[in-house]
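Open the model in your viewer and keep the selection tool ready. The tour goes stop by stop: what to select, then what is there.

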Amino acid sequence: MRYSVSMLASVVTSLLLAAAPASSETVKFGLVMSYSGWFQPIDGSTIDGAMLAVKEINAKGGVLGQQIEVVSFDNKSEPLLGADGALDVIGKGAKAILFPSDFDFGAPGAFVAQQNGVLSFSGASDPKWGVAGIGNLAYSMSNASQAQGALLAEWAFETQGWKTAYVLLDNTIFYTKSLCGSFATRWKQLAGDAGLLGEDTFLNSDPSIDAQVSRINGLETKPEVIMVCSYAPGGPSALRQIRAAGLDQPIVSGESMDGDYWAGTVPNLSDFYVVTYGSFYGDDSDPAIADFFKRYEAEYGKRADVSYGLRGYSAVQAWATAAERAGSVEPAAVAAVLDTFKDEPLAIGPTTFTPELHISTTRPITLVQAQDGKFSAVGKATVREFSLD
Amino acid sequence: MNAAIQIAVDAMSLGGLYALTALGIGLIFSVMRLANFAHAELVTCAAYALFALSGQPLVMAFSGAIVVAVALAVVTERIAFRPLRRADPTTMMIASFTVSMLIQKLLVFTLGSRPKSLDPVPMLSQAVSIGPTQVSLLKLVTIAVCAVLLLALTLFLKRTSFGLQMRAAAENFTMAQLTGVRANAVIVVAFALSGGLAAVVALLFAAQSGFVQPRLGVPLMITAFVATVIGGMGSLPGAVIGGLLVGVVTTLLQAYLPPDLRPFREAFLFALVILALLVRPNGLFPARGLKERI
């Protein structure tokens with residue numbers, strides 16, 4: 001009996017040895033993303049950004065001398081399929097996985113990754129994508145939504161000098177709720193309770209927001225700025241209805257309204273300001289970001305129409321940088337280095353992680369404006385005060 | 001006064017849009033007991049036609065939308081629903097879901113899921129003043145178009161021989177057939193009318209929202225379906241009044257609920273729907289031909 005056990009052990013050992021050289025040739029990075037379905041327009045450029053990073057890093061010799069091999073899985077815009085996807089790519093040897101850029105969409109897969117001791121990256125703007133919500137192996141490349149909301153309030157009040165605001169929240173996803181929530185809190189700190197003239201909600205699929213727009217129109221004092229927390233298609237449609245009703249106040253919005261692919265919905269849109277990760281209109285003040293969008297355009301033969309590619313690129317870049325520094329691609333070792341990132345110069349900007357917080361908050365963020373239907377960079381801004389609650 | 005005018009205009013324009021959609025659904029249900037969930041895709045495809053014909057004169061673009069919606073309605077009737085005409089209403093409803101999903105997925109497959117921008121009638125995107133009140137021109141036009149269409153449809157049903165046949169079929173399909181009403185013709189005309197109504201809804205809705213995407217018609221269709229249930233399945237006046245009612249109640253809830261309760265607007269709306277159905281299980285205007293016979 002003892003003899004057969006040792007024989008079995010030697011067979012297993014020799015099998016492992018035989019398999020070892022094959023797996024040491026490449027290191028696997030998983031992409032469990034929405035390659036198809038309704039979330040694809042959001043994930044598409046993130047995927048493109050990640051693939052560009054893989055190509056560029058491989059051209060420079062890869063990670064620790066190994067080429068990065070991408071193993072991909074299409075979750076078909078079904079969040080729960082992400083869990084199958086995580087198992088699939090982990091089975092193929094993925095050491096780190098990039099998931100869709102939204103907590104609700106990416107979390108089912110990320111939990112599986114965490115349980116299997118694999119790193120999970122995302123462009124989710126929710127601080128739950130980290131130690132608190134998923135585990136110590138989850139990292140987000142975004143600026144936390146609460147920091148974005150507070151930053152918009154500070155920029156509107158201090159830089160633009162607007163004194164009264166109105167908040168219109170698309171109450172459909174977590175991101176928009178925390179964005180508008182933190183905007184309202186910070187605005188009241190700056191402008192006083194009286195400076196917030198009102199708050200209202202709608203749903204992204206609402207056929208009409210007439211009643212909400214009429215309420216603003218009926219105010220005794222009209223707000224000097226309107227904060228709209230939404231995303232396409234409901235968000236642009238809301239802007240259209242606001243403008244059609246004769247309200248021409250400046251409108252500010254979060255990263256979910258990034259891009260100009262929806263611009264036709266609101267012809268000649270003016271006085272619209274949105275936070276993004278970088279301006280792809282050829283005028284970003286950061287040469288590294290401007291250069292990124294040039295390389296992106298050269299690679300894919302078309303100009304980027306959202307800034308999300310920076311997040312996909314930076315996820316792969318962060319992982320590769322940390323692995324090089326750790327001298328290992330083992331997730332725990334890579335995570336230990338990621339936790340020490342202090343203003344790490346990634347494509348998306350200086351990025352800081354701590355053992356407790358795996359998302360950026362004070363990284364400078366780009367403001368983009370639309371005037372007469374033309375988009376252009378306004379500048380960069382950094383949040384001063386915010387709360388992640 | 002100011003607010004009252006605005007709320008009235010909001011309520012009537014939204015109600016009108018729901019009423020036209022509900023009427024499209026009600027027309028089909030009244031003649032063949034089919035709750036056609038694919039009506040949403042008639043609206044969506046008509047809106048895509050408007051998108052494809054962007055830049056053309058409005059008359060051309062709108063004619064294109066009508067052609068697409070009517071053709072799609074007639075083709076789905078021929079391929080999917082005619083073979084099931086003697087089947088259980090539930091079977092037909094499932095078939096309509098199938099058609100709806102198939103068209104949605106085909107749209108995603110061929111045109112992509114990213115919303116596409118369109119502006120079919122740019123001149124409507126402006127505000128006009130009624131006294132001191134500013135309202136969007138589009139809403140006034142929506143109300144006018146709904147009123148004209150409802151009037152035209154009423155005249156068609158009451159004054160033409162085809163209208164008479166349709167009303168007879170709606171009341172008692174078998175009896176109507178026995179008296180010489182051509183079943184196939186009546187049903188095809190009902191589908192064509194329903195497609196035409198969908199094209200009008202698509203134009204008004206696209207002018208308001210400014211985009212089209214594969215699920216464009218779905219939220220409208222769901223609300224309009226609720227409206228037909230409240231109005232009384234199979235009753236055309238019921239569908240219209242149900243649609244108007246849902247639009248008015250939604251707008252009033254949004255306007256008068258306290259801010260903390262506004263996110264739960266739908267819960268209040270559907271509580272009212274349940275209440276209405278408890279009091280009148282067959283809807284406010286039950287269709288005569290629909291009562292259960294024992």
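**Stop 1: the interface.** Select chain A and chain B. Their contact (heavy atoms within 4.5 Å) takes 34 residues from chain A and 34 residues from chain B. About 2,700 Å² is buried between the two chains, with carbon and sulfur atoms giving 48% of that area. Buried area here is the accessible area (1.4 Å probe) that two parts lose on being put together, summed over both. On the chain A side, pick A:Pro207, A:Asp210 and A:Arg240: these lose the most area to chain B, together 22% of what that side buries.

Some ground rules before moving on. This is a predicted model, in which local features need pLDDT of at least 70 and side-chain atom pairs count only at pLDDT 80 or more, while totals for chains, interfaces and linings use all residues. Residues are numbered from 1 along each chain as its sequence is written, chains are lettered from A and ligands numbered from 1 in the order in which they are written, and side-chain values use heavy atoms, with hydrogens and water left out.

**Stop 2: A:Ser214.** Which residues of chain B is A:Ser214 in contact with? Select A:Ser214 in helix H7 (residues 210-217) of chain A. Helices (H or I, at least four residues) and strands (E, at least two) are DSSP runs, numbered from the N terminus. Leaving aside neighbours within four places in sequence, A:Ser214 is in contact with B:Gln6, B:Asp10 and B:Lys139. A:Ser214 is buried, at 9% relative accessible area. Buried means under 20% relative accessible area, exposed over 50%, partly exposed in between (1.4 Å probe, protein chains only).

**Stop 3: A:Thr265 and its loop.** Go to the loop between S9 and S10 of chain A, where A:Thr265 sits. Is A:Thr265 buried or exposed? A:Thr265 is buried, with a relative accessible area of 2%.

Now select A:Asn268, in the loop between strand S9 (251-253) and strand S10 (272-276). A:Asn268 is exposed, at 59% relative accessible area. Check its backbone: phi is near 55 degrees, a positive value in a residue other than glycine.

**Stop 4: a cis peptide.** Select A:Ala232 and A:Pro233. A cis peptide bond joins them, with omega about 5 degrees. A:Pro233 lies in the loop between strand S8 (225-229) and helix H8 (234-244) of chain A.

**Stop 5: H10 of chain A.** Select residues 309-326 of chain A. At 1.5 Å a residue, the 18 residues of H10(A) should span 26 Å, and the end C-alpha atoms are 26 Å apart, which agrees. The expected span is 1.5 Å times one less than the number of residues. Of those 18 residues, 14 are buried, so H10(A) is largely enclosed by the rest of the structure. Just after H10(A), A:Gly327 takes a positive phi of about 70 degrees.

The axes of H9(A) and H10(A) come within 11 Å and cross at roughly 100 degrees. That makes H9(A) roughly perpendicular to H10(A), a term for angles of 65 to 115 degrees. Show side chains: A:Ile289, A:Phe292, A:Phe293, A:Arg295 and A:Tyr296 of H9(A) meet A:Gly309, A:Leu310 and A:Tyr313 of H10(A).

**Stop 6: H8 of chain B.** Select residues 183-209 of chain B. Helix H8(B) has 27 residues and reaches 38 Å from its first C-alpha to its last, close to the 39 Å expected. H8(B) is mostly covered, with 21 of its 27 residues buried. Pick B:Gly196 within H8(B); at 18% relative accessibility, B:Gly196 counts as buried. B:Gly210 follows H8(B), and its phi is positive, near 80 degrees.

**Stop 7: two loops of chain B.** Select B:Arg33, in the loop between helix H1 (2-32) and H2. Phi of B:Arg33 is near 60 degrees, positive in a residue other than glycine. Finish at B:Leu53, in the loop between helix H2 (39-52) and helix H3 (58-81). B:Leu53 is partly exposed, at 24% relative accessible area. Not counting residues up to four places away in sequence, B:Leu53 touches B:Met60, B:Ala61 and B:Gly64.

Note on methods: Axes are lines fitted to C-alpha atoms, for helices over the stretch in contact, and angles run from 0 to 180 degrees between N-to-C directions. Angles under 35 degrees count as roughly parallel, over 145 as roughly antiparallel, 65 to 115 as roughly perpendicular and the rest as oblique.
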